[in-house]
Amino acid sequence: ATLDDVKAAGQLKCGINTGLPGFAFTDDKGNWTGFDVAYCRALAAAVLGDPGKVKYVNLTGKNRFPALASGEIDVLSRNTTWTFSRDVDLGFTFIGVSYYDGQGFIGRTALGVKSAKELDGASICIQTGTTTELNLADFFRVNKIKYEPVPIETNEEARKGYEAERCDVYTTDASGLAATKSTFSDASKHMVFPEIISKEPLGPLVRQGDDQWADIARWTLNALINAEELGVTQANVTSMANKGNNPEINRMLGSEGSLGEMLGLSKTWAVAAIKAGGNYAEIFERYLGKNTALGLARGQNALYKDGGILYAPPMR
């Protein structure tokens, strides 16, 4: 019934970060934008035909799950790791992986430390309510070294605490470290250590128990990934929606078959989603890529045919 609720409200309630460069941040006009925000816009476009019909709800690591469980939001698109307990015990449905990540560390070069394994006795800023807490404890336990946790609630607080030298090191997802480092006035005084200590498959999630809504959320993400593979872009999606020679493109864009009808959406739901911000590659390069402040390479987030592990099921 989530689809009915979203249509009745005329807007999608999307949970996002309280602020993380590249992923969820405000532009010069105060509008929310970023990699995770782009998914919210694509989903709103697919369901409501308008990417602007989104109510953004800023959530911390601690309150994001209660907000989703209570119905305060319809979908959570906030750099959240897909884990067994979150999927099974908390009762959420992860609809796919939008960004493959891993936890790392950043510290001041003045520490004279080259590896996270040399951090015995270090104080470490860490966000509460996140997988990084358990990963950190596991890493130090395995390596038989000790640390002093400095709990922080948001990424912004963690950044400020680290810069104010409340802790020696800050740990979070590697993408978050890149986002944090991009805000420093002198990034050369800080180094990201070589260790990646965990798997962090990040992606949107919804409540369990509404399979139709989960399918809509899942296939909107899949459409963005498949669009990259099939060469469908923000600029050409309208023209390619006119029946061409590729049957998979035709099915995805609605000129053949009834995929939209199966979801309870219009025939051109995927056209609207792609037009909202482009395909996966366009979104990645706009907010996270080499020409942004974060300067991230596609790496494992490249398509499988380009050496990465990004892969979406076929539209048939």
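C14 is buried, with a relative accessible area of 0%; buried means under 20% relative accessible area, exposed over 50% and partly exposed in between, using a 1.4 Å probe and protein chains only. This is a predicted model, in which local features need pLDDT of at least 70, side-chain atom pairs count only at pLDDT 80 or more, and totals for chains, interfaces and linings use all residues. Residues are numbered from 1 along each chain as its sequence is written, and side-chain values use heavy atoms, with hydrogens and water left out. A disulfide is a covalent bond between the sulfur atoms of two cysteines.

**Overview**
- Two disulfides turn up in a search of the whole structure, a disulfide being a pair of cysteine sulfur atoms within 2.5 Å.
- With the bonded cysteines of the protein chain numbered in sequence order, the pairing reads 1-2, 3-4.

**C14 and C40**
- The sulfur atoms of C14 and C40 are 2.0 Å apart, and the link is left-handed, with -60 degrees about the S-S bond.
- C14 lies in strand β1 (residues 12-17) and C40 in helix α2 (residues 35-48), so this pair ties together parts that are 26 residues apart in sequence.
- Helices (H or I, at least four residues) and strands (E, at least two) are DSSP runs, numbered from the N terminus.
- C40 is buried, with a relative accessible area of 0%.

**C125 and C167**
- C125 and C167 are joined by a disulfide with an S to S distance of 2.1 Å.
- The disulfide of C125 and C167 is left-handed because the torsion about its S-S bond is about -105 degrees.
- C125 belongs to strand β9 (residues 122-127) and C167 to the loop between α6 (155-163) and β11 (169-173), so the pair ties together parts 42 residues apart in sequence.
- C125 is buried at a relative accessible area of 0%, and C167 is buried at 1%.
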